[in-house]
Amino acid sequence: MKQTTHPPGHRSERVRCRATPAAPPPARSPRRRRPASTQWAAWGFLAPVTLYLALFYAYPLYRNLDLSLRDYTVRSFVQGDAPFTGLANYRKVFDDPTFAPALLHTAAFTAVCLVFQYAIGLALAVFFNQNFRLSATLRALFLVPWLLPLIVSASTWSWMLNSESGVVNAILHVIGIGPVNWLTSPSWSLTSVIIANIWIGVPFNLVVLHSGLQSIPAGLYEAAALDGAGAWRRFWSITFPLLRPVSAITLLLGLVYTLKVFDIIWIMTKGGPADSSTTFATLSYQLGFGNLLPAFGPGAAVGNLLVVAALVFGLVYVRAQRKQALS
């Protein structure tokens with residue numbers, strides 16, 4: 001029987017391989033901590049923003065909520081000893097006969113202004129997106145209403161809509177239409193402030209929507225044109241869907257701005273005549289500062305209703321954006 005021979009050192013190597021334990025897994029390196037200087041630098045950058053939000057947002061909201069829950073008079077407002085009344089100021093506001101018309105006027109004013117501002121702004125943005133000659137110059141001229149102080153714009157519209165010497169009634173007289181009491185008639189006062197606010201808000205929609213149109217690739221329009229799609233079809237199939245995120249933020253910002261419009265209405269009509277153009281913004285001012293005996297609590301309650309309305313629409317927007325991102 002033939003005996004197999006092994007090279008020298010073979011057995012010892014096999015035994016050594018069996019005896020050698022498996023190498024332990026590499027230890028995890030400890031998580032690096034940020035240097036203390038980096039953390040202090042981060043807090044240093046956050047401190048101004050946090051301080052600004054606390055002073056100019058959180059504290060005023062807290063004070064307004066406190067005003068709405070106490071029975072403040074001029075004396076207690078100065079001395080700070082107003083008694084706590086809970087939701088009595090809110091019940092007083094809801095029972096006020098002006099509340100229901102103000103709610104209706106606020107909803108109508110906000111909805112009509114948003115629709116027309118967005119529609120006109122979108123039409124102008126699409127028009128100026130063609131980059132024709134003098135496009136930039138004309139677009140800059142459309143920004144004038146947005147750049148003017150609100151008191152100047154409201155005063156200008158008050159003069160234009162004056163029943164006796166206004167340029168609007170003069171034009172109506174030329175075409176054979178009788179004068180309209182734009183600012184002194186309960187039937188026309190709300191329409192007058194809506195027209196003025198639309199004129200002021202269109203430039204904002206134009207700028208934001210035009211910026212959104214610049215981000216849409218031109219190749220999509222060229223491909224659609226090659227497939228035989230007309231201008232209207234390209235708008236509904238390309239422009240409008242791709243502009244949806246920009247449109248959403250434009251409408252949200254316009255909603256928040258329109259809810260709190262006060263200057264234009266107060267300068268043009270002061271909420272009248274007979275409360276025909278009163279909104280929550282002017283009602284809050286009238287209750288808090290418009291009487292000889294100011295009602296600070298009810299005025300703050302109306303202001304909080306505006307804050308809640310803006311917050312609700314903001315949360316709806318955030319939820320819609322989150323759902324769109326997940327899909």
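Is R63 buried, partly exposed or exposed? At 25% relative accessibility, R63 counts as partly exposed; the terms are set as buried for under 20% relative accessible area, exposed for over 50%, and partly exposed in between, with a 1.4 Å probe and protein chains only. Good morning, colleagues.

Before I continue, a word on the source. This is a predicted model, in which local features need pLDDT of at least 70 and side-chain atom pairs count only at pLDDT 80 or more, while totals for chains, interfaces and linings use all residues. Residues are numbered from 1 along each chain as its sequence is written, and side-chain values use heavy atoms, with hydrogens and water left out.

Let me begin with the overall picture. The secondary structure comes to 16 helices and zero strands; helices (H or I, at least four residues) and strands (E, at least two) are DSSP runs, numbered from the N terminus. Of the 327 residues in the protein, 32% are buried. Among contacts with a separation of 6 or more, 64% are accounted for by residues 24 or more positions apart, where contact means heavy atoms within 4.5 Å.

I return now to R63 and its partners. The structure holds two salt bridges, each defined as a side-chain nitrogen of Lys or Arg within 4 Å of a carboxyl oxygen of Asp or Glu. In one of them, the side chains of R63 and D66 meet at 3.4 Å, N to O. Because R63 and D66 are three residues apart in helix α2 (residues 36-68), about one helical turn separates them. D66 is buried, with a relative accessible area of 12%. D66 also forms a salt bridge with R70, and here the closest N and O atoms are 2.8 Å apart. R70, at 27% relative accessibility, counts as partly exposed. Through salt bridges that share partners, R63, D66 and R70 are joined into one network.

Next, I turn to a pair of helices. Helix α5 (residues 99-128) and helix α13 (residues 244-259) have axes that come within 10 Å and cross at roughly 140°. The axes are lines fitted to C-alpha atoms, for helices over the stretch in contact, and angles run from 0 to 180 degrees between N-to-C directions. The crossing of α5 and α13 is right-handed, a term used if the near helix is turned clockwise from the far one by less than a right angle, and left-handed if anticlockwise.

Which residues of α5 and α13 meet? From α5 there are T106, F109, T110, C113, L114, Q117 and Y118, and from α13 there are S247, L251, G254, L255, T258 and L259. By class, this contact of α5 with α13 has seven nonpolar, six polar and no charged residues. Here Ala, Val, Leu, Ile, Met, Phe, Trp, Tyr, Cys and Pro count as nonpolar, Asp, Glu, Lys and Arg as charged, and the others, Gly among them, as polar.

Helix α13 itself has 16 residues and reaches 22 Å from its first C-alpha to its last, close to the 22 Å expected at 1.5 Å a residue; the expected span is 1.5 Å times one less than the number of residues. Its buried residues are S247, T250, L252, G254, L255, T258 and L259. The cover over these buried residues includes α5, α10, α15 and α16 (296-326).

My next topic is the loop between α14 and α15. K270 has its place in this loop, and K270 has a positive phi of about 55° although it is not a glycine. P273 is found in the loop as well, and the peptide bond from G272 to P273 is cis, with omega near -5°. D275, another residue of this loop, has a phi near 60°, a positive value in a residue other than glycine. At 32% relative accessibility, D275 counts as partly exposed.

Leaving aside neighbours within four places in sequence, S276 is in contact with H105, P186, S189, L190 and G271.

Finally, I would draw your attention to V180, which lies in the loop between α9 (167-174) and α10 (189-214). V180 is buried, with a relative accessible area of 15%. Not counting residues up to four places away in sequence, V180 touches S163, N169, L172 and W188. V180 and S163 are 17 residues apart in sequence and, C-alpha to C-alpha, 6.3 Å apart in space.

Thank you for your attention.
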